[in-house]
Amino acid sequence: MSIEQKDLQELLIKLMRTRQYAKLRAVADKINPADIAALMDSMEDEDSLKLFRLLPKDKAADIFPLLQDEDQQYIIMSLSTKEASIVIDNLMADDAADLLEEMPANVVTKLLANTSPETRKDVNQLLRYPEDSAGSVMTVEYVGLRASMTVTQAIERIRRIGLDSETVDVCYVIDEKRKLLGTVALRYLLIKPENALIGDIMNENVISINTKTDQEQAARMFQKYDFTAMPVVDDENRLVGIITIDDIVDIMQEEATEDIEKMAAIIPTEKPYMKTGIFETYRKRIPWLLFLMISATFTGSIITHFEDALSQYVVLTAYIPMLMDTGGNAGSQASVSVIRGLSLHEIRFNQLVLVIWKEIRVAVFCGVTLAGANFLKLLFFDRIPVAVAAVVCMTLVCIVIFAKTIGCVLPMIADKIGFDPAVMASPLITTIVDAVSLLLYFSFATHMLNIAV
């Protein structure tokens, strides 16, 4: 944000507190809607609602879709039914559907009853599609043209409905049954002869998305083809809406956040951190913490089992944390790389053997390098016997190989059987690697140091 914008925001707050409402509306016109939305997100709910009521209607309509979901719901629930219906009427259909989808059914019914028939029809259509599908995130506001139109007629239609459409950069050519025939970019309409037919200048090689396509797959298609908008069709290739790049940015942010939370052993939530209550945060975190804690008790059982060995070579205890941490880190590196490859479809399950073979070779190089550096450190700095140093270093090589192998295998198996591979990330892999590292460590120690167990 520029210094000027920041000053305007501070002025906006001052004007609201001093009740200079006419001047506030004039200042608000100079501020970008995204900056006002960011300001409202940082305000207390009551102040945010008050500012929203004071804004000019057209400005408020631009700002509302940019607010956090919780703030949107608070504002809608705080407004009168008539006021709330006016706000919904001014939203794009996909934004209105996203808002109403999270609200109680009786509230939705009351709000839709007071909106325009067009809004009600569009929203009801979007609410029918499965959650996280292309149909649920598309908008039905687009420019549709007929192949028999001339360029002049097409431009006239864009002038007539363009302001109510999500985008006019690309127009969609459909027939009488709304089947998608092609697309035509606005720039072509501007340079082609006025009497040229749309059917002659349209692009017939159209890439579209089915309404049932998962939103994550839709995002990958946008990335692959570098589109700013893409048509959404039903099973009969009838055009029902479009997805635009702003929807894709939201989807990618949502999916990335979900993966990060799963990789950190947190049940995903759609709420921002500061908007999530203490007990809700607790409920999202405690299940995995309990599971991992109980799993970690096996590590304690292993140490107890080899208690006699540790009493004969107490020095072995000092290197347990290093071995467990190194193994966990090695496994995390492999799992994160593979999870990323799976999410981008760079890796498929039929490449499992190739992935394992690659990770094993990487693990050998990493393990030998770490063991070599550690061996020198153990001999010259820690000054422990060569036999003990050999036990530590051999364990280190083996645990790095095991950790990287399990780190790539578990996410791929999870993806194959239909689970989110992010679930098999760092915490779970670290717990497994910790137990195996201790078993390997004490096995090497008992055999190489002739320790009686």
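This is a predicted model: local features need pLDDT of at least 70, side-chain atom pairs count only at pLDDT 80 or more; totals for chains, interfaces and linings use all residues.
1. Residues are numbered from 1 along each chain as its sequence is written, and side-chain values use heavy atoms, with hydrogens and water left out.

2. M40 also belongs to the largest nonpolar core, which has 56 residues. Such a core is a set of buried Ala, Val, Leu, Ile, Met, Phe, Trp, Tyr and Cys residues joined through side-chain atoms within 4.5 Å. Buried here means under 20% relative accessible area, exposed means over 50%, and partly exposed lies in between (1.4 Å probe, protein chains only). The members touching the most other members are L12, I36, M40, L51, F64, I76 and I243. Helix α8 (residues 93-101) gives this core its largest share, five residues. Helices (H or I, at least four residues) and strands (E, at least two) are DSSP runs, numbered from the N terminus. Another core lies apart from the largest one; it has 33 residues, including Y319, I320, I384 and V391. As general background, nonpolar side chains tend to be buried together in soluble globular proteins.

3. Next, have a look at V232, which sits in strand β5 (residues 229-233). V232 is buried, at a relative accessible area of 0%. What does V232 touch, not counting residues up to four places away in sequence? The list runs A134, M138, I209, N210, T211, R238, L239, V240, G241, I242 and I243. By contrast, Q333 is 101 residues from V232 along the chain, and their C-alpha atoms are separated by 38 Å.

4. Now for the charged pairs: how many salt bridges does the structure hold? There are six, each defined as a side-chain nitrogen of Lys or Arg within 4 Å of a carboxyl oxygen of Asp or Glu. One of them joins R159 to E156, with the closest N and O atoms 3.8 Å apart. The two are separated by about one helical turn because they are three residues apart in helix α12 (residues 151-161). R159 is exposed at 64% relative accessible area, whereas E156 is partly exposed at 40%.

5. R238, one of the contacts of V232, forms a salt bridge with D234, and the closest N and O atoms of that pair are 2.9 Å apart. D234 is buried at 15% relative accessibility, while R238 is partly exposed at 33%. In the pair of D382 and K377, the closest N and O atoms are 2.9 Å apart. D382 is partly exposed at 28%, and K377 is partly exposed at 37%. Shared partners also link salt bridges into one network of D234, E236 and R238.

6. Finally, S165 deserves a glance in the loop between α12 and β2 (170-174). Is S165 buried or exposed? At 8% relative accessibility, S165 is buried. The S165 side chain reaches the backbone oxygen of I161 at 3.0 Å. Leaving out residues up to four places away in sequence, S165 touches M92, E141, Y142 and V143.

How values were computed
Contact means heavy atoms within 4.5 Å. A polar contact is a pair of N or O atoms within 3.5 Å; within protein, one must be able to donate a hydrogen and the other to accept it, and residues adjacent in sequence count only if both atoms are side-chain atoms.
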